[in-house]
Amino acid sequence: PQSPGLTSYTTSPSKPADLTEEDRLKARALRAVVQDDGPELERVLETATIEEVGKWENKAGTNLLALAEERGSSQAYSVLAKAMGLVREVKRDVFEERETVWVFVQGDVQPRRA
C-alpha cells in the first residue's frame with residue numbers, strides 16, 4: 001500500500017529478462033571498459049561487430065573508446081583501438097652487431113648516433 005501522492009520508481013528501465021542480446025553485450029562491454037578487462041572486451045568483440053560497438057554509449061553519452069580514455073583503462077583502450085583500426089603494430093627493424101645506426105630526434109635537425 002502506497003501513501004497518496006507518492007509514486008514508485010525503478011532504477012532500471014527494464015527487467016533483466018526484457019534485455020535484448022545486444023543490450024547484454026553492451027552492458028558486458030561497458031563493464032569491461034570500466035574494470036579495464038581487456039580479455040572480456042575481446043570476447044564481446046568476437047560476438048558483436050565493431051560498427052555496433054562503436055555506436056554504444058553509456059547513460060552520459062560517452063562511447064566506449066572515450067570512456068576507456070577517461071577512466072585510464074589502458075587494456076580496454078588498446079583492444080578497442082586495435083579493433084577500430086586506429087593503431088597497428090609497427091614492423092621492427094633488424095640490425096647487425098656493430099652496425100652504425102642514426103636516430104632522428106623530434107625537434108633536432110641532425111641525427112644522433114645510437
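Predicted model: local features only at pLDDT ≥ 70, side-chain atom pairs only at ≥ 80, totals over all residues.
Figure 1. Arg-98 sits in the loop that runs between α5 and β1 (102–103). Its phi is positive, about 75 degrees, although Arg-98 is not a glycine. Most residues other than glycine have a negative phi.

Figure 2. Asp-36 belongs to the loop between α1 and α2. Its phi is also positive, about 55 degrees, and Asp-36 is not a glycine. With 22% relative accessibility, Asp-36 counts as partly exposed. Ser-73 is placed in the loop between α4 and α5. Ser-73 counts as buried because its relative accessibility is 2%, and the cut-off for buried is under 20%. When neighbours within four places in sequence are left aside, the contacts of Ser-73 are Val-33, Val-34, Asp-36 and Ala-68.

**Figure 3. The salt-bridge network of Arg-28, Glu-40 and Arg-43.** Salt bridges link Arg-28, Glu-40 and Arg-43 in a network. Side chains of opposite charge can pair when their charged atoms come close. Between Glu-40 and Arg-28 the N to O distance is 2.7 Å. This pair links distant parts of the chain, with Glu-40 in helix α2 and Arg-28 in helix α1, 12 residues apart. In the salt bridge between Arg-43 and Glu-40, the closest N and O atoms are 2.9 Å apart. Arg-43 and Glu-40 are three residues apart in helix α2, so about one helical turn separates them. Glu-40 is buried, at a relative accessible area of 16%. Arg-28 counts as partly exposed at 28% relative accessibility, and Arg-43 counts as partly exposed at 42%.

**Figure 4. The salt bridge between Arg-112 and Asp-108.** The side chains of Arg-112 and Asp-108 meet at 2.8 Å, N to O. Asp-108 has 30% relative accessibility and counts as partly exposed. A search of the whole structure finds four salt bridges, one of them being this pair of Arg-112 and Asp-108.

Figure 5. Glu-52 is located in helix α3. With a relative accessible area of 32%, Glu-52 is partly exposed; residues in a patch must have over 30% relative accessible area.

**Figure 6. Helix α5 and its cover.** Helix α5 spans residues 74–84, and its buried residues are Ala-76, Val-79, Leu-80 and Ala-81. The cover over these buried residues includes α1, α2 (38–47), α3 and α4 (64–71). After α5 comes Gly-85, which has a positive phi near 80 degrees.

**Figure 7. The nonpolar surface patch of Met-84, Leu-86 and Val-87.** A nonpolar patch on the surface consists of Met-84, Leu-86 and Val-87. Together these residues have about 250 Å² of accessible area. Met-84 is part of helix α5. The relative accessible area of Met-84 is 31%, so Met-84 is partly exposed.

**Figure 8. The protein as a whole, for orientation of the close-up views.** The protein contains five helices and two strands. From the N terminus on, these elements follow the order α-α-α-α-α-β-β. The protein has 114 residues, of which 20% are buried. Of the contacts between residues at least 6 apart in sequence, 45% join residues at least 24 apart. The accessible surface amounts to about 9,400 Å², and 49% of this surface belongs to carbon and sulfur atoms.

Note on methods
Residues numbered from 1 in each chain as written. Heavy atoms only, no water. Helix = DSSP H or I, 4+ residues; strand = E, 2+ residues; numbered from the N terminus. Buried < 20%, exposed > 50% of the residue type's maximum accessible area, 1.4 Å probe, protein only. Contact = heavy atoms within 4.5 Å. Areas by Shrake-Rupley, 256 points an atom, 1.4 Å probe, with all protein chains shown as cover. Patch = residues over 30% accessible without salt bridge, like charges linked within 9 Å, V, L, I, M, F, W, Y side chains within 5 Å.
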